[in-house]
Amino acid sequence: MASMSGRALWARGNPRKVTVMGRAKRGLYHQKHIQFGNTVSHSHHKERRTWKPNVFKKRFRSDLLKETIQVQVTTSALRCIDKAGGFDNYLLNTRPKWLGPSDGAAMHLRQRLKEAKARCEAQEAEQEVEQEPIAGAPGALRDQI
């Protein structure tokens, strides 16, 4: 079968096959892709053109990783980051299909954040165990009251 464009696959009833542009793997594009169409003049002469996503570089501070990360981000993704409550929350709580391809930068950052979150939760659990009083120790009843 010859290769088909994303639109042809959509027309045949296969909406899951989407071609991802190469630069979307390097940033947070929130499923924004290059769109194609025509520029139509007054005389209805049609010329092909493209519309590219509004992309720029932005630095975000990650509380879990404790570092500043610079990524390419679309304005659509920026609005979603604000709505999610921050960079870490956006990456952890957004569906993977909205973050881009599985080998992209966003999924790599998401994996790093999950590991950092697990480490933080393990440290907090350790500290709680250390702070619990021993049942037979003097003063244990005083702490419970």
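Across which strands does helix α2 lie, and at what angle does α2 run to β5?

A: Happy to take you through it, with the reminder that this is a predicted model. Helix α2 covers residues 75-84 and lies across β1, β4 and β5, running at about 130 degrees to β5.

Let's begin with the sheet under discussion. Its three strands follow the order β1-β5-β4, and they make an open sheet with mixed pairing. At the edges you will find β1 (27-28) and β4 (55-62), each of which pairs on one side only. Strand β5, residues 67-74, pairs with β1 in the parallel sense over two bridges. If you want a spot to look for there, find Leu-28, which stands opposite Val-73 in β5.

Now back to the helix. Four residues of α2 to pick out are Ser-76, Ala-77, Leu-78 and Ile-81, which are buried. The buried residues of α2 pack against β1, β4 and β5, and also against α3 (87-93). After α2 comes Gly-85, with a positive phi near 100 degrees.

Strand β4 deserves a stop too, at Ser-62. With 0% relative accessibility, Ser-62 counts as buried. The side chain of Ser-62 reaches the backbone nitrogen of Leu-65 at 3.2 Å. Once neighbours within four places in sequence are set aside, Ser-62 is in contact with Glu-67, Ile-69, Phe-87, Asp-88 and Leu-113. Of these contacts, Glu-67 and Ile-69 fall within the β5 range, while Phe-87 and Asp-88 fall within the range of α3.

One more cysteine is worth a visit. Cys-120 sits in helix α5, which spans residues 105-131. Cys-120 is partly exposed, with a relative accessible area of 24%. Between Cys-120 and Leu-64 there are 8.0 Å in space, C-alpha to C-alpha, although the two are 56 residues apart in sequence. As for disulfides, a search of the whole structure finds zero.

Notes:
Residues are numbered from 1 along each chain as its sequence is written. This is a predicted model: local features need pLDDT of at least 70, side-chain atom pairs count only at pLDDT 80 or more; totals for chains, interfaces and linings use all residues. Side-chain values use heavy atoms; hydrogens and water are left out. Two strands pair if DSSP finds at least two bridges between them. Contact means heavy atoms within 4.5 Å. Axes are lines fitted to C-alpha atoms, for helices over the stretch in contact, and angles run from 0 to 180 degrees between N-to-C directions. Buried means under 20% relative accessible area, exposed over 50%, partly exposed in between (1.4 Å probe, protein chains only). A polar contact is a pair of N or O atoms within 3.5 Å; within protein, one must be able to donate a hydrogen and the other to accept it, and residues adjacent in sequence count only if both atoms are side-chain atoms. A disulfide is a pair of cysteine sulfur atoms within 2.5 Å.
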